[in-house]
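Colleague: I am new to this one. Please take me through it feature by feature, with the general idea before each case.

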Amino acid sequence: MAGLDHDFLLLSTQDCSYTDYMKWINNPRAIQIPDDVVGYIKDSLNWITCHNPGKRMIKHKGLNWYGPTIIKEDGAIVAHKILGAWATLFSNGPSTLRLTGSYVRIEGEETGSYSVIKIDRDEIVERLTTLADYTNQVAESRDRLFVLHLGI
């Protein structure tokens, strides 16, 4: 998978400040989920309670698409279930998943078209499963751990 990615890291509140997110940009430890895949599952990600460290940790629903997001204990249980469910769903597909992406309507044409996302099933399932595991660890940590999301 190549292109625009969303990075996710499991971090400790003892070692990292929520607002010190800039130092984690392009970290090789990050789990990367392609922007097209995040867009595909976006509706369900909007059910997750998150916090914006760039805006005094204001609480909101869903990921900050172009910036940082913190997933703490209050959103981790839902995140764990959603990410695990997507991993399970995708694991039942063919080895190359073809997902219908955004609807595109070209002005002047009577019909529109859909973009198609092609991804390796095993790779995306592994990444989503690991991310679901991260959120489970956060849920059990009593806010000693958090997931940092860095948008595209």
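**Reading the model**

Modeller: Buried means under 20% relative accessible area, exposed means over 50%, and partly exposed lies in between (1.4 Å probe, protein chains only). Keep in mind that this is a predicted model, where local features need pLDDT of at least 70, side-chain atom pairs count only at pLDDT 80 or more, and totals for chains, interfaces and linings use all residues. Residues are numbered from 1 along each chain as its sequence is written, and side-chain values use heavy atoms, with hydrogens and water left out.

Colleague: Which side chain meets aspartate 74 in a salt bridge?

Modeller: First the rule. A salt bridge needs a side-chain nitrogen of Lys or Arg within 4 Å of a carboxyl oxygen of Asp or Glu. Here, the partner of aspartate 74 is lysine 59, at 3.4 Å from N to O. Aspartate 74 sits in helix H3 (residues 73-91) and lysine 59 in strand S4 (residues 58-61), so the bridge ties together parts 15 residues apart in sequence. Helices (H or I, at least four residues) and strands (E, at least two) are DSSP runs, numbered from the N terminus. Lysine 59 is exposed, at 54%.

Colleague: How many salt bridges does the structure hold?

Modeller: There are 4. Among them is the pair of arginine 121 and aspartate 122, at 2.9 Å from N to O. Arginine 121 is buried, with a relative accessible area of 19%. Aspartate 122 is partly exposed, at 46%. Another pair is aspartate 20 with lysine 23, at 3.7 Å. Aspartate 20 is partly exposed, at 33%.

Colleague: Now the backbone. What is the phi of arginine 56?

Modeller: The general idea is this: most residues other than glycine have a negative phi. Arginine 56 has a positive phi of about 55°, although it is not a glycine. This residue lies in the loop between strand S3 (49-52) and S4. Arginine 56 is exposed, at 83% relative accessibility.

Colleague: And where is arginine 142 found?

Modeller: Arginine 142 is in the loop between helix H4 (121-140) and strand S8 (145-150). Its phi is also positive, near 55°. At 67%, arginine 142 counts as exposed.

Colleague: Let us step back. How many helices and strands are there?

Modeller: The protein chain has 4 helices and 8 strands. From the N terminus on, the order is β-β-α-α-β-β-β-α-β-β-α-β.

Colleague: What radius of gyration does the protein chain have?

Modeller: The radius of gyration is taken over C-alpha atoms, and the globule rule is 2.2 Å times the number of residues to the power 0.38. The chain has 16 Å; a compact globule of 152 residues would be near 15 Å, so the two agree. The C-alpha atoms fill a box of roughly 55 × 35 × 25 Å along the principal axes. Buried residues make up 45% of the 152.

Colleague: Last one. What share of the contacts joins residues at least 24 apart?

Modeller: Contact means heavy atoms within 4.5 Å. Among contacts between residues at least 6 apart in sequence, 65% join residues at least 24 apart.
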